[in-house]
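Subject: Structure handover

Hello,

Here is the structure you asked for. Please have a look, then read the notes below.

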Amino acid sequence: MKALTYFPAQPEVQYKMDHYIEQRPVNRLIGKDIALYYQFKTQKETINPFALIPDGCFDLLFCCCPKNPTIFLWTSPLERREQQLDFQEGCEYFGVRFQPEQGLLKINYSMRDLLGKKIPLDDIISVDPFLMEQILHATSFVERIRLFEVFVNGILTPRSSYNVVRYCIKKIYLANGNISINDLTEDTGYSDRYIRKKFAEAIGFSPKQFSEIVRFQNSLAMIFESNHHNLADIVYQNGYYDQAHFIKGFKKFVHVAPTQFIGSLYQ
């Protein structure tokens with residue numbers, strides 16, 4: 001089964017933080033687990049406020065400040081949420097966004113308990129402190145990516161031939177988020193209760209919630225490519241009944257209509 005590309009975006013980080021740059025993994029094997037590398041700087045005098053939106057992912061964020069370097073994990077919220085991340089002024093931050101279906105990092109908690117939270121990395125997983133120190137003190141975005149991929153290559157293991165959550169997520173991608181739990185149970189042979197439990201543990205969302213997030217994120221991507229898509233395309237291709245249904249679904253995650261949300265990014 002060929003999985004479609006899902007690109008989880010956080011536009012307020014991209015548009016509201018200073019000197020933002022990003023890069024998708026070049027290595028296709030790593031790209032199965034990692035969606036994006038990015039970097040930004042905070043202003044010396046003020047820190048721009050921003051909010052995270054639902055994407056079904058989690059990020060590792062490295063505060064590369066020589067005086068107080070830190071690493072923490074932040075997770076997707078259920079709806080748009082202002083962040084209280086205690087950013088340090090005048091510092092550089094390096095981020096890694098993991099795909100929802102990632103299998104690299106083994107987190108010994110149910111993701112349901114971590115949704116919408118900022119957690120010090122040491123509280124979640126054990127990593128090589130020397131390598132993390134190298135990443136924190138690297139002098140360029142490219143070097144940080146290289147060092148992180150050294151870490152990734154050291155923990156890459158062959159994936160199991162079948163994982164019900166990963167399989168269902170790919171089915172959701174293929175359906176562009178328009179799939180029911182009944183479809184998944186019939187396809188996999190597992191009960192809806194079992195699938196819901198595994199989704200809660202692995203990504204924190206139910207299959208229905210994640211499907212809605214995929215539709216929302218795919219719609220958002222099409223909005224940003226508005227030179228190539230009109231509203232009717234966005235509504236039709238993402239399985240909404242009509243424009244009103246699309247706007248209602250969008251507002252569920254960000255509390256405002258699409259035009260208001262996009263406009264707020266440029267304020």
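**Helix packing: H3 and H4**

H3 and H4 pack at an angle of about 165 degrees, and their axes lie 9 Å apart. Axes here are lines fitted to C-alpha atoms, for helices over the stretch in contact, and angles run from 0 to 180 degrees between N-to-C directions. H3 is therefore roughly antiparallel to H4 (under 35 degrees counts as roughly parallel, over 145 as roughly antiparallel, 65 to 115 as roughly perpendicular, the rest as oblique). Helices (H or I, at least four residues) and strands (E, at least two) are DSSP runs, numbered from the N terminus.

The H3 side of the contact is Leu-131, Met-132, Gln-134, Ile-135 and Leu-136. The H4 side is Arg-144, Leu-147, Phe-148, Val-150 and Phe-151. Contact means heavy atoms within 4.5 Å. By class, the H3 contact with H4 has eight nonpolar, one polar and one charged residues. Ala, Val, Leu, Ile, Met, Phe, Trp, Tyr, Cys and Pro count as nonpolar, Asp, Glu, Lys and Arg as charged, and the others, Gly among them, as polar.

**Provenance**

This is a predicted model: local features need pLDDT of at least 70, side-chain atom pairs count only at pLDDT 80 or more, and totals for chains, interfaces and linings use all residues. Residues are numbered from 1 along each chain as its sequence is written, and side-chain values use heavy atoms, with hydrogens and water left out.

**The two sides of H3**

H3 covers residues 129-137, and Leu-131, Met-132, Ile-135 and Leu-136 are buried in it. Seen down the axis of H3, these buried residues fall within an arc of 140 degrees, so they line one face of the helix. The arc is that of the directions from the helix axis to the C-beta atoms. Buried means under 20% relative accessible area, exposed over 50%, partly exposed in between (1.4 Å probe, protein chains only). On the other side of H3, Pro-129 and Phe-130 are exposed.

What do the buried residues of H3 pack against? Their partners are strands S4 (58-63), S5 (70-75) and S7 (92-98), plus helix H4 (141-155).

**Two single residues**

Gly-95 sits in strand S7. Gly-95 counts as buried, at 0% relative accessibility. Leaving out residues up to four places away in sequence, Gly-95 touches Leu-36, Tyr-37, Tyr-38, Leu-60 and Leu-61.

Asn-218 is in helix H8 (residues 207-224). Asn-218 is buried too, with a relative accessible area of 18%.

Best regards
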